[in-house]
Amino acid sequence: MTTEPHAASLLQDDESLEPADSTLKAILGATITLIALTIVWEFLVRQFQVPAWLLPSPSLIGQSMVEWRSELIGHSMVTLYETLVGFALAIAISIPLAVAVVYSSLLQNTIYPILLALQSMPKVAIAPLLALWIGFGTLPKIVVVFLVCFFPIIVATASGLAAVPAPLMDLIRSLSASSLQTFVKIRFPTAMPHIFVGLKIAITFAVIGAVIGEFVGSESGLGYLILVSTSQSRTPLAFGALVLLTIMSIVLYYGIALIERILVPWAPRN
Amino acid sequence: MNKIHIEGLHKTYASSHGRVTALKEVSLSIKQNEFVTLVGPSGCGKSTLLKLIGALIRPSRGTLLFDGTPLLRPTRDVGIVFQDAVLLEWRTVLDNVLLPTEILGLDKVKSRNRAMDLINLVGLGGFEKRFPRELSGGMQQRVSLCRALIHNPSVLLMDEPFAALDAMTREELGFELMRIWDTDKKTVIFVTHNITEAILLADRVVAMTPRPGRIARVVDIDLARPRTIDMEFTQKFKSYSGQIREVIYHGPGASRS
């Protein structure tokens with residue numbers, strides 16, 4: 001009889017371990033913490049009368065975001081465009097190239113090692129050179145985004161295509177499957193979860209790449225807006241641009257994650 | 001005519017320590033519909049021999065005849081089961097079983113019917129729409145057995161298929177395999193490092209020893225079929241087990257002295 005309440009509490013502990021429940025709790029917890037931090041920020045700025053050009057209060061940032069909404073939206077669209085075009089370009093080039101590398105021992109021994117070595121070069125450091133070569137339009141920003149996305153995608157795709165378990169390859173060979181059959185039925189689906197790991201890394205780099213490209217020299221985009229508004233001491237507006245950049249990054253990441261759930265439902269979730 | 005005839009088969013590998021002899025002077029004939037187990041410690045070349053029979057690797061020297069003709073490339077007359085089920089995670093049980101028929105371009109409707117029959121035969125009826133991650137290890141291995149049988153090969157190669165399973169599931173699947181083999185006779189070559197399993201399943205046990213991998217002794221198992229778990233405790237079974245243990249641990253010359 002006395003063990004009954006104990007058993008009931010054990011059951012509740014068990015239930016709290018269910019994944020859906022724990023995800024909800026994590027989201028709820030993070031939201032509450034964020035709101036609390038914002039309130040503390042607002043309070044401290046008012047209490048110590050920090051000047052707005054140094055550190056604006058959240059309410060002031062919100063105000064200026066409303067005031068400058070059309071500019072903010074316009075510049076966001078430019079950055080979003082550069083990010084998405086560069087990212088798409090990286091997908092379109094690096095995935096076929098990864099396939100070629102996996103299937104050609106010549107490429108594997110010539111181009112691929114060079115690509116891996118280039119990976120450790122800080123791509124954003126090329127941004128000034130790109131400005132020198134192709135000017136200050138959107139193209140050099142797209143190229144920077146392309147470069148930062150290219151490497152994580154090609155490496156993830158190449159390793160994914162090579163990740164077929166040896167016994168499965170034996171099975172396929174015992175059936176005398178053609179290269180095309182092996183690729184379509186085995187290799188590519190095996191690589192899919194790996195490719196999405198690469199895509200998720202790439203999309204977060206992509207936004208950073210676009211902003212760095214804009215820092216180096218441009219007349220539009222959120223990076224440009226941050227640069228200009230900081231130099232004119234419009235710090236609340238710079239913060240507003242920062243908020244939008246963060247939101248853009250998060251939305252793009254979860255957009256990729258959503259596509260992954262639809263296309264690769266068998267991928268391990270974290 | 002023998003289903004598989006092996007004579008003077010050698011296999012050497014290049015390794016960082018020079019050439020390693022995986023198999024030396026292996027000769028063995030396997031009759032149609034015979035159940036042969038290859039048993040021995042790791043490194044005795046039993047898996048190498050299985051891969052050679054599947055034409056997944058080429059011998060360095062020697063003769064390997066399949067239905068009387070030299071085996072030069074993989075034949076569709078072979079089905080393979082590995083230690084890991086290696087199912088495709090993105091396919092249902094049914095679609096996993098159907099994979100070989102898609103590659104071989106077999107008739108879709110007939111294949112589907114045969115797949116459903118096989119799935120029912122191994123006791124997975126009702127699970128055909130499930131995905132591999134929803135199945136236990138034993139159930140996954142049953143699916144991989146169906147996949148090996150779907151194109152109706154006359155030879156079934158099994159590379160330690162139950163080694164990753166717990167002891168009870170292992171026993172259960174062993175008896176199930178014999179039941180299937182009884183109704184639909186095939187030549188089965190079954191690799192294991194478990195001597196009891198080797199005797200319980202086989203018509204003939206091929207005991208192998210390592211460094212270099214060679215056949216130490218071939219033991220005919222004269223036990224009635226269907227086999228039962230009680231046979232393990234008979235004097236006859238123990239004597240087979242003793243013979244095999246002796247050659248595996250003390251080499252082929254041991255029992256003669």
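You are looking at a predicted model, where local features need pLDDT of at least 70, side-chain atom pairs count only at pLDDT 80 or more, and totals for chains, interfaces and linings use all residues. Residues are numbered from 1 along each chain as its sequence is written, while chains are lettered from A and ligands numbered from 1 in the order in which they are written.

Now show the whole of H3, residues 108-121 of chain B. Helices here are DSSP runs of H or I with at least four residues, strands are runs of E with at least two, and both are numbered from the N terminus. H3(B) has 14 residues and reaches 20 Å from first C-alpha to last, close to the 20 Å expected at 1.5 Å a residue (1.5 Å times one less than the number of residues).

Next, colour B:Arg114, B:Ala115, B:Leu118 and B:Ile119, the buried residues of H3(B) (buried means 20 or more such C-beta neighbours within 10 Å). They lie on the same side of the helix because they cover an arc of only 140° around the axis, taken from the directions from the helix axis to the C-beta atoms.

Just past the helix, click B:Gly123, which takes a positive phi of about 80°.

Finally, move to strands S9 (204-209) and S10 (214-220) of chain B, which run antiparallel and are joined by 6 bridges; strands pair if DSSP finds at least two bridges between them. Here B:Val205 has B:Val219 as its bridge partner.

How values were computed
Buried ≥ 20, exposed ≤ 12 C-beta atoms within 10 Å, placed from the backbone.
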